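Q: Can you walk me through this structure? I'd like to go over it piece by piece.

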Amino acid sequence: MIDVILPELPERELALLSEETPQPSGPRLAGRVVLGGPVALPVTADLVGPDPELLDFLRTEADNAVYHLVHLSVTCARDAPDPALHSVNLDIGLTAEPARRGTAVFQPVAWSMTPRRLTAVVAASAPAAHLGPRLGFQDGGDTAYGERVCLEARRELRSDPGWEIRHTSAVRIGGTYRLAMVVRAPRGAVSRAAVAVGATVREGHTLHRFREELEEPLRLAALQ
């Protein structure tokens, strides 16, 4: 197992425009959510070298696949006016194009994600993540029966992964949530990660939805 330090990330304030048509005169979420990253780093032999098992795994995959660490964060204002955030979703679309025309490639997938599940925000800002066997994050993720989950990874091992942050009776959405995933991508292809952030607020029985997509997908740098 190796420790991966989660880096400081460039941040951008999101506008989060309403998905309703016509645009409502109700709540606006500009300034309520800040996205950190995304930043991608290749998983290299130098990175996993301290763990012989991880190094062997990387070598067995070398002919077909490359791996990338993708880091993000979501910061939600703690003292924002009502209505409070009901949920925040971070959605990622992973794609790959062959470097040479006519070559078939598989689509990248979220090989492993962290955190998988949280029931308290105090764990959301952990400065390091732990990579264990087969480049899987080791962060627990088990919850006791009846515990309300405030953050959960979604759609692991697919090309459309993401995280959902939820308001619960015990935990209100707020503060910084550090997120990371290992992406398995085809060798010799151009791979990208498109990022979108959505949020909802509830007024009475009405749920208002907001969303923003980053204009430029993140390119996952190829290993040399």
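Predicted model: local features only at pLDDT ≥ 70, side-chain atom pairs only at ≥ 80, totals over all residues.

Q: Which way do E6 and E11 pair, and over how many bridges?
A: E6 and E11 are antiparallel, with five bridges.

Q: What stands opposite glutamate 164 in E11, from glutamate 152's side of things?
A: Glutamate 152 itself stands opposite glutamate 164. E10 and E11 also pair in the antiparallel sense, over four bridges.

Q: How does strand pairing work in general?
A: Strands of a sheet are held by backbone hydrogen bonds, and the pairing is either parallel or antiparallel.

Q: Is E11 enclosed or open?
A: E11 is largely enclosed by the rest of the structure, because four of its five residues are buried. Glutamate 164 is buried too, with a relative accessible area of 15%.

Q: Which side chains meet glutamate 164 in salt bridges?
A: Arginine 154 meets glutamate 164 in a salt bridge at 2.8 Å, N to O. That pair links distant parts of the chain, with glutamate 164 in strand E11 and arginine 154 in strand E10, 10 residues apart. Arginine 166 also forms a salt bridge with glutamate 164, at 2.6 Å, N to O.

Q: Are those two arginines buried or partly exposed?
A: Arginine 154 is partly exposed, with a relative accessible area of 32%. Arginine 166 counts as partly exposed as well, at 23% relative accessibility.

Q: How many salt bridges does the structure hold?
A: The structure holds 12 salt bridges. One of them joins the side chains of aspartate 91 and arginine 211, at 3.2 Å, N to O. Aspartate 91 is in strand E6 and arginine 211 in strand E14 (residues 206–213), so this pair ties together parts that are 120 residues apart in sequence.

Q: Which residues are linked with those two in a network?
A: The network of salt bridges links Asp91, Arg155, Arg158, Asp160, Arg211 and Glu213. Of these, arginine 211 is partly exposed, with a relative accessible area of 28%, and arginine 155 is partly exposed at 27% relative accessibility.

Q: What is the phi of arginine 155?
A: Phi of arginine 155 is near 60°, a positive value in a residue other than glycine. Arginine 155 sits in the loop between E10 and strand E11 (162–166). Arginine 134 has a positive phi too, of about 55°, and is found in the loop between strand E9 (128–131) and strand E10 (151–154).

Q: Why point those out?
A: Because most residues other than glycine have a negative phi, and most peptide bonds are trans.

Q: Where are the cis peptide bonds, then?
A: A cis bond joins aspartate 82 and proline 83, with omega about 5°. Proline 83 lies in the loop between E5 and strand E6 (85–98). The bond from threonine 114 to proline 115 is also cis, with omega near -10°; proline 115 is in the loop between E7 and strand E8 (117–118).

Q: New topic. What is the strand order in the open sheet of five strands?
A: The order is E2-E4-E5-E12-E7, with antiparallel pairing. Strand E2 (11–13) and E7 are the edge strands, each pairing on one side only. From one strand to the next, the twist averages 25°.

Q: How many bridges join E4 to E5?
A: Eight bridges join strand E4 (residues 33–42) to E5. In this pair, leucine 41 stands opposite leucine 69 in E5. H2 packs on the sheet, where it touches E5, E7 and strand E12 (175–186), and its direction makes about 115° with that of E5.

Q: Last one: how many aromatic pairs are there?
A: The count comes to three aromatic pairs. In one of them, phenylalanine 57 and tryptophan 111 have ring centres 6.2 Å apart and planes at 25°, so the pair is stacked. Phenylalanine 57 lies in helix H2 (residues 52–61) and tryptophan 111 in strand E7 (residues 109–114), so parts 54 residues apart in sequence are tied together.

Q: And how do tyrosine 67 and tryptophan 111 pair?
A: Tyrosine 67 and tryptophan 111 are edge-to-face, 5.8 Å centre to centre with 75° between the planes. Ring pairs link Phe57, Tyr67 and Trp111 into a cluster.

Q: Are phenylalanine 57 and tyrosine 67 buried or exposed?
A: Phenylalanine 57 is buried, with a relative accessible area of 9%, and tyrosine 67 is buried, at 0%.

Technical notes. Residues numbered from 1 in each chain as written. Heavy atoms only, no water. Phe/Tyr/Trp six-rings, centres within 6.5 Å; stacked < 30°, edge-to-face > 60°. Helix = DSSP H or I, 4+ residues; strand = E, 2+ residues; numbered from the N terminus. Buried < 20%, exposed > 50% of the residue type's maximum accessible area, 1.4 Å probe, protein only. Pairing = 2+ DSSP bridges. Axes fitted to C-alpha atoms, helices over the stretch in contact; angles between N-to-C directions. Contact = heavy atoms within 4.5 Å. Salt bridge = Lys/Arg side-chain N within 4 Å of Asp/Glu carboxyl O.
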